[in-house]
Amino acid sequence: MFKDVKGDFNRSFISGIFLTTLFLLAHIFIPFLGIFISLITPLPILFYYQKLGRLPCIFISFVASIVAICLLELFQTQLGVLFIVEFGIIGLTLSEMLRKNLSIEKTVLYSVFIILGTGTILFYLYSAINFV
């Protein structure tokens, strides 16, 4: 794991937020390439998790999601909110599973179950909000 000095940590932190937000929004605003970009969207989260650690990466993922959702609101679309939340969770889940040195089968299986559970809860909340 990399050990950053204070100035380099701040620069990595800001670049992590920027890069993660860029990947999250690229899927929505570049329709044809978005399919391929979505495959590599968790990679910035994985990289900064390994570089900075758990808590800074959770904060990076949270801030990047909030910035991306605010930019979507600015453009008056809610098309990708679920995508942003889901891929943030995928990146954090994969990072944590890889840190624990689990086998690739367990890493993928646990990540899939966490995403299915989170997606089910988010769809339920979304439908409850829209029917009220």
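The protein chain folds into six helices and zero strands, where helices (H or I, at least four residues) and strands (E, at least two) are DSSP runs numbered from the N terminus. Read from the N terminus on, the order of elements is α-α-α-α-α-α. Please keep in mind that this is a predicted model, in which local features need pLDDT of at least 70 and side-chain atom pairs count only at pLDDT 80 or more, while totals for chains, interfaces and linings use all residues. Residues are numbered from 1 along each chain as its sequence is written, and side-chain values use heavy atoms, with hydrogens and water left out.

**Overall build**

- The C-alpha trace spans about 50 × 35 × 30 Å along its principal axes.
- Of the 132 residues in the protein chain, 36% count as buried; buried means under 20% relative accessible area, exposed means over 50%, and partly exposed is in between (1.4 Å probe, protein chains only).
- Among contacts with a separation of 6 or more, 69% are between residues 24 or more positions apart, contact meaning heavy atoms within 4.5 Å.

**A nonpolar surface patch**

- A nonpolar patch of about 1,200 Å² is formed by Phe-29, Ile-30, Phe-32, Leu-33, Ile-35, Phe-36, Leu-39, Ile-40, Leu-43, Leu-74 and Phe-75.
- Patches are built from residues with over 30% relative accessible area and no salt bridge, joining like charges within 9 Å and nonpolar side chains (Val, Leu, Ile, Met, Phe, Trp, Tyr) within 5 Å.
- Helix α2 (residues 31–39) gives the largest share of this patch, with five residues.
- Ile-40, one of the patch residues, sits in the loop between α2 and α3 (42–52) and is partly exposed, at a relative accessible area of 37%.

**Ile-45 and its surroundings**

- Ile-45 belongs to helix α3 and, with 3% relative accessibility, counts as buried.
- Beyond its neighbours within four places in sequence, Ile-45 is in contact with Thr-20, Cys-57, Ser-61, Phe-87, Gly-88, Gly-91, Leu-92 and Ser-95.
- Ile-45 and Val-67 are 22 residues apart along the chain, and 15 Å separates their C-alpha atoms.

**Aromatic pairs**

- There are five aromatic pairs in the structure: rings of Phe, Tyr and Trp (its six-membered ring) pair if their centres lie within 6.5 Å, and planes under 30 degrees apart count as stacked, over 60 as edge-to-face and the rest as tilted.
- One of these is the edge-to-face pair of Phe-47 and Tyr-48, at 5.0 Å centre to centre with 80 degrees between the planes.
- Within that pair, Phe-47 is partly exposed at a relative accessible area of 40%, whereas Tyr-48 is buried at 7% relative accessibility.
- Another is the tilted pair of Phe-83 and Phe-87, at 4.3 Å centre to centre with 40 degrees between the planes.
- Phe-83 and Phe-87 are separated by about one helical turn because they are four residues apart in helix α5 (residues 81–99), and both are buried.

**Salt bridges**

- The count of salt bridges is two, each defined as a side-chain nitrogen of Lys or Arg within 4 Å of a carboxyl oxygen of Asp or Glu.
- Arg-54 pairs with Glu-96, their closest N and O atoms being 3.0 Å apart.
- This bridge links distant parts of the chain, with Arg-54 in helix α4 (residues 54–74) and Glu-96 in helix α5, 42 residues apart.
- Glu-96 also forms a salt bridge with Arg-99 (2.6 Å, N to O), and both lie in helix α5, three residues apart, about one turn of the helix.
- Shared partners join Arg-54, Glu-96 and Arg-99 into one network of salt bridges.
- Glu-96 counts as buried at 15% relative accessibility, while Arg-54 is partly exposed at 39% and Arg-99 is partly exposed at 41%.

How values were computed: Accessible areas come from the Shrake-Rupley method with a 1.4 Å probe; for residues, only the protein chains shown count as cover.
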